[in-house]
Amino acid sequence: MADGASRAGTAELTLDQKAAVDALGAAGTIDWVCPMDPEVHSDHPGACPICGMALEPSIPVANAERNPQYVDMLHRFVWSSILAVPVLFLSMVVPMVPALARAIPLGVSQWIQFALSAPVVLWAGLPFLVRGVNSVRSRSLNMFTMIALGIVAAFGYSLVALVAPGIFPDSMMHEGRVDVYFEASAVIVALVALGQVLELHAREKTSGAIRALMDLAPATAVKIEDDGEERQVDVSSLHVGDEIRVRPGESVPVDGTVISGASSIDESMVTGESMPVAKAEGDAVVGGTLNQNGSLVIRTDKLGKDSTLARIVTMVAQAQRSRAPIQSLTDRISAIFVPVVVGIAVLTFVVWLLVGPVPQLPHALVATVSVLIIACPCALGLATPMSVMVGVGRGARAGVLVKDAQALQTLEKVDVAVMDKTGTITQGKPSVTGVVPAAGADSTQMLRLAAAVEQGSEHPLAAAIVEAARRSKNSEPRIVEEVSDFESVPGLGVRAMVGDRLVRVGSADFVPGGEALHAKADELRSSGASVVSVSANDEFLGIVAIADDVKETTPQAVSQLQQLGVRIIMLTGDNQSTAEAVASRLGIDEVRANVRPEDKADVVAALCESGHTVAMVGDGVNDAPALAAAHVGIAMGSGTDAAMESAGITLLHGDLIGVVRARKLSSAVMRNIRQNLVFSFFYNAIGIPIAAGVLFPVAGVMLSPMIAAGAMALSSVSVITNASRLRYAKVS
């Protein structure tokens, strides 16, 4: 935790905030971070020591009360508004109504204005003043530097004019008094507080996706006790292995496996897919999904932070705090923006003092304060992080989990998508479609020997062989015994001792002797099947054909990606004929076959080095290096943890339509960021000259500091409102 952040939080922890923290949970258990500077952490709510913005919980608390920063700032806004209104009345209305002016002399009016505005500036505006002072101390000038300067300038000048009017020239006197600007300081504080309230409220809404995810998991579950009795218990009291019942219409409380019953599960809240998924004995279910029409008994597999829902919430929260590369542009601009604006304010003051109309000093003060207030770079600073936060949340609702903002930004520029075949383009659940024994060999015996060896392998093709052997009519309960010395040769196959025989299962290069079945193997491959050879003690036994159906949505996804200008390359360890058969069905022109797992990353790296922006889409352990080597790694949520850890984006539903959604989401987010940046630059380009008084010589118009404060607040809210539109972005 940064010391500066901790001090900032502690310094501004008011009684209102402490009460709100108690509502959220025990103090010290919430990690508070800055939306603009995510490296800043604190165990208390407060202000960022770098940019001055209010910190917020790194992960929103489900069903929590309002953010303590919001509660505190709302109180400050309410009281500052109540006190600022009579100050504004005394300064603006009373002098224009002769009867009121006679009833309330100018001297009396000014002292009343001081009495009312002092608590506004010194209490309601205290957070802004503290942040401004801290920005100077830390040499991190920010929007609160200018807000504090504006408030102090207006209030300080007015106080001096009130208590020592004699030091001012006679030309500035009116009824023996000097004009004061207590109303400007009070109204500026009220408007800045209003801007903070609106900003905090809008920022709170950007966490709606996380809150919605957290609220999916029910707090209780129906546990089946050892004696068969069913009892409702808190989910927090469950243990791995406990059996629970989920009735129709109830949410699944935990990640688990169906051990009895059948139903349809609505997984749309997790995967983004609207079609219910049929579940039966042996199928996995995810906590937070909705059971529709059948009663299920589920064995608990994962709880708490290990659950899918918890991992999704954590990933989304971390992604929302990550920094997109485009943020570095605004950082560089902000680093010089505040000093430049302060310089412009000083120049404005000098010019008005030298050539402005009489009385010069008040005019110079008004113009300077207006420049300082209207030029606050809050809109510029919010432009990128707000869009990222909302965009990441929108992706989560569509089943696209973004691990970091860099991946989200880069995906828009991807022109080559490299896709693994098995489990990515295809179902990843291959099945044996044919067993062709060599002359004199027994097909059942060959299949059983192959299955014995493949039991030690995690490859999808291995599982298909094992499953086929188990379903064989002549199969015994145990496929075979005495399997030893298992060895996997990546990209080629596996071998092991089965009894006293050395059995090899794998490619033709790994299992020699299959020349007699070469033509048959080619025929099977041309139909899209993978062919595995089997031998025992170097005696060729035959081949096994294994087919893996293409996922239902793959053709549509491939077509849409190609329409978006993405070149698709299928990468697989399969034989060229098999790979080309699958690719031709999908309209994929480029195939890289016979690629070993260790070579996948090299293929991706070569494409990157050739100048392409490359996305790698995969699901297996052997895809992890390639996912890491690509500009953007996209992992299937149905794949392995290693693949998801290596990827910048995870597709919860595990099909390629998710890649289309991710690409469209990236384009929408980046378009939104550019809109925000253009608005911010345009706003300051127009606002600063007007505040400095460029219109005064031609139109006699000066911008009031109060109007400048209102415009500054609205600029931030406008940026956040524009970012919030991403919640409804079409990504499918």
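Which residues lie nearest the centre of the second largest pocket, and how many residues line the pocket?

A: The model is a predicted one, in which local features need pLDDT of at least 70 and side-chain atom pairs count only at pLDDT 80 or more, while totals for chains, interfaces and linings use all residues. Residues are numbered from 1 along each chain as its sequence is written, and side-chain values use heavy atoms, with hydrogens and water left out.

The second largest pocket is lined by 26 residues, and S91, D179, V180, Y181 and E183 are those that lie nearest its centre. A pocket here is an open set of points on a 1 Å grid over the protein atoms alone, where a 1.4 Å probe fits, with protein on both sides within 12 Å along at least five of seven lines; lining residues have an atom within 4 Å of a point. The volume is about 620 Å³, taken as the space filled by probe spheres set on the points, which are joined across faces, edges and corners.

Two or more lining residues come from each of α3 (68–93), α5 (106–124), α8 (182–206), α13 (360–374) and α27 (705–724). Helices are DSSP runs (H or I, at least four residues), numbered from the N terminus. The largest share, four residues, is given by α5. By type, the lining comprises 16 nonpolar, seven polar and three charged residues; Ala, Val, Leu, Ile, Met, Phe, Trp, Tyr, Cys and Pro count as nonpolar, Asp, Glu, Lys and Arg as charged, and the others, Gly among them, as polar.

Helix α5 also holds W111 and F114, three residues apart, about one turn of the helix. W111 is partly exposed at 45% relative accessibility, and F114 is partly exposed at 23%; buried means under 20% relative accessible area, exposed over 50%, and partly exposed in between (1.4 Å probe, protein chains only). F114 forms a tilted aromatic pair with F182, at 5.8 Å centre to centre and 55° between the planes. Because F114 lies in α5 and F182 in α8, this pair ties together parts that are 68 residues apart in sequence. F182 itself is buried, with a relative accessible area of 0%.

Rings of Phe, Tyr and Trp (its six-membered ring) pair if their centres lie within 6.5 Å; planes under 30 degrees apart count as stacked, over 60 as edge-to-face and the rest as tilted. The structure holds seven aromatic pairs. One of them, W111 with F114, is edge-to-face, at 6.0 Å centre to centre and 90° between the planes. Together, W111, F114, F155 and F182 form one aromatic cluster.
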